Amino acid sequence: MVYNELLDFNLTRSDLIITLGGGVIGDLGGFVASSYLRGIDFIQVPTSLLEVDSSVGGKVAVDLERGKNLVGSFYHPKAVLIDPEVLNTLDNRFFIDGMAEVIKYGCIKDKMFFEFLYEMENNSDVIDNMERVIHKCCDIKRIVVESDEKDKGERMLLNFGHTLGHAIEQYYNYTKYTHGEAVAIGMYEITKISEAKGLTVKGTAERIKEILIKYNLPYKMDVNIEEILDTINLDKKKLGKSLNLIILKEIGNSEIYKTTTEFFI
């Protein structure tokens with residue numbers, strides 16, 4: 001349908017697409033741009049905190065019934081235009097939704113940034129420091145993507161919490177939890193398991209739980225893990241029979257841990 005609309009509009013390679021909106025708009029518009037006429041230019045204009053994160057890095061994709069982001073490509077926008085003032089228009093739940101990805105960056109790469117977020121008094125403090133928050137997240141992502149654009153190594157670290165989070169989202173048919181809420185649950189639950197296995201410094205899961213509660217994000221999983229193992233097996237980070245799971249050694253220090261779905265049992 002989208003492609004037909006572009007054909008009716010007589011869009012050519014000399015034109016471009018502007019994706020103005022949240023994550024779904026950015027992903028869909030970017031994927032269409034990457035595939036229409038074998039690729040036309042596009043510009044990302046994110047209007048949600050979640051899309052501020054996903055607009056940088058060149059990943060564009062669409063969902064299938066069996067899982068999230070299973071069809072897509074790596075296709076960079078010509079520009080990303082971010083106006084922090086737009087975030088003031090968000091419903092509170094969707095602002096909180098984006099904070100899960102922000103917290104993720106502190107977890108995987110920057111303990112000082114994690115502590116900075118932890119010490120914030122409320123959402124108003126975050127909004128007052130939004131330019132610093134956005135710059136830090138985008139800069140961490142830039143460094144990671146420049147070293148591994150095609151997601152075969154270090155870039156996988158950006159998916160901390162997502163293996164479980166995507167499976168939870170799909171289980172509820174994307175109706176109960178937002179993306180950020182599901183990722184928040186994934187970050188805590190995976191860290192709780194890795195801590196129990198001696199892979200993560202004791203107390204790390206509790207620290208994540210505390211910051212999630214601070215930002216009104218969920219942390220408890222209300223799904224029987226056995227019911228989502230098949231979905232976890234479809235995770236994009238699975239190479240051959242190995243599931244590349246992202247775990248924390250400690251706050252600010254993450255690693256790719258080769259395992260299987262047995263990790264969750």
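**A cavity and its surroundings**

Mentor: Let's begin with the lining of the second largest cavity: Leu49, Val52, Asp53, Glu101, Val102, Tyr105, Val133, Ile134, Cys137, Cys138 and Lys141. A cavity here is a set of points on a 1 Å grid over the protein atoms alone where a 1.4 Å probe fits but cannot get out, and lining residues have an atom within 4 Å of a point. This is a predicted model, where local features need pLDDT of at least 70, side-chain atom pairs count only at pLDDT 80 or more, and totals for chains, interfaces and linings use all residues. Numbering runs from 1 along each chain as its sequence is written, and side-chain values use heavy atoms, leaving out hydrogens and water.

Trainee: Which helix gives the largest share of that lining?
Mentor: H7, with five residues.

Trainee: And where does the second largest cavity lie?
Mentor: Between domain 1 (1–82) and domain 2 (85–264), because both give residues to its lining. Those bounds come from an automatic or database domain assignment.

Trainee: New topic: how much do domain 1 and domain 2 bury between them?
Mentor: About 2100 Å², with 62% of it on carbon and sulfur atoms. That's accessible area (1.4 Å probe) lost when the two parts are put together, summed over both. On the domain 1 side, Leu49, Leu50 and Lys68 lose the most area to domain 2, together 33% of what that side buries.

Trainee: How many salt bridges across that interface of domain 1 and domain 2?
Mentor: One, counting a side-chain nitrogen of Lys or Arg within 4 Å of a carboxyl oxygen of Asp or Glu.

Conventions:
1 Å grid on protein atoms, 1.4 Å probe; cavity = no way out; pocket = protein on both sides within 12 Å on 5 of 7 lines; lining within 4 Å. Helix = DSSP H or I, 4+ residues; strand = E, 2+ residues; numbered from the N terminus.
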